[in-house]
Each structure stands twice: as structure tokens, then as C-alpha cells.
Amino acid sequence: MHCLKVRTRRKREIVDLTDEVNNLLRQHYPEGSGVCHLVVLHTTAALTTADLDPGTDLDMLDAFERIVPKLNYRHPHDPEHTPDHILSSLIGTSISLLMARGSLVLGPWQRVILVELDGPRTRGVGCGIVATL
């Protein structure tokens, strides 16, 4: 397993991890094929794939903001960031992607993204490979 460190700069933001993941795969699995599992090691961030045309990141953050209702949350640690935990669960904290010859197999516009929901902070993203023979 390998761990990527991702530094975020804002409370909520989208960070493109595609190049960083591909660099890691080329370095450690240059001829590898199989499945790449990515897991964000936090409960207030998420992972998914997306098309990142200009402005799409902001559209996604706006939509995420509207998904979670404004309630009187009972989370004992900090009720203010309960929506961040809920969004992390809804979006998901892990993704599995095919890889071939040391690179992710993605569609033409598809990017791997970290969704920061409670930044800024440093996030860990675990990367594990299940190789095919």
C-alpha cells in the first residue's frame, strides 16, 4: 500500500488527483495491470470521478451544499460539521479503478477527485493494487 498526502487550501474544494495517482502507479507498477483501490482516510472528505471542465468543480460544490438539509444536528464533537460527515458518506470515501500498463483506465474527460468538505487540512489517500496476471 502507498499513501498520498494531499494539502487542501479551502473549507470546501475539489482537488484533481489523477496525475498524482498515475505518477505513483508508473513509479511502483510501471507494467502493472489490475485494479487500483483508493481510500481517503478521513470522515469529512470523499473520492469520486468527474469531468473537470472550467467551473464544474464549483457546480459540484454548490450541488453538494444543497443536498444536505439545514437541521439542528446532534453530533457531540462539532454539530457544525455534521453535514460534512453526511456528504462524505453519500459521495463515498473509496473508489476502485482499472489500471493497465501502470496507468489508470479512464474515460476521455474522467478525472479522479478528492472532495474536501472540512478544510483546509492535509488528507491521506491510501492506494492499494490488486494485480492481474
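Visitor: How many disulfides does the structure hold?
Guide: First, a word on the source: this is a predicted model, where local features need pLDDT of at least 70 and side-chain atom pairs count only at pLDDT 80 or more, while totals for chains, interfaces and linings use all residues. Residues are numbered from 1 along each chain as its sequence is written, and side-chain values use heavy atoms, with hydrogens and water left out. A disulfide here is a pair of cysteine sulfur atoms within 2.5 Å. By that cut-off the disulfide count is 0.

Visitor: Why is C3 too far for a bond, and which cysteine has the closest sulfur?
Guide: The gap is 9.5 Å from the sulfur of C3, so a bond is out of reach. The closest cysteine sulfur belongs to C127.

Visitor: And how far from C127 is the nearest cysteine sulfur?
Guide: C127 is buried, at 1% relative accessibility; buried means under 20% relative accessible area, exposed over 50%, and partly exposed in between (1.4 Å probe, protein chains only). C127 is in no disulfide. Its nearest cysteine sulfur is that of C36, and the distance is 3.7 Å.

Visitor: On to the charges: how many salt bridges does the structure hold?
Guide: Side chains of opposite charge can pair when their charged atoms come close. The cut-off used is a side-chain nitrogen of Lys or Arg within 4 Å of a carboxyl oxygen of Asp or Glu. The salt bridge total comes to 11.

Visitor: Which side chain meets D84 in a salt bridge?
Guide: D84 is one of the buried residues of helix α3 (residues 82–91); helices (H or I, at least four residues) and strands (E, at least two) are DSSP runs, numbered from the N terminus. Its partner, also buried, comes within 2.3 Å, N to O. That partner sits in the loop between β1 (2–7) and β2 (13–16), so the pair ties together parts 72 residues apart in sequence. The side chain in question is R12.

Visitor: What residues are linked in a network of salt bridges?
Guide: D84 and R12 both belong to it.

Visitor: Are E116 and R123 buried or exposed?
Guide: Their side chains meet in a salt bridge, 2.6 Å from N to O. As for accessibility, both residues are buried.
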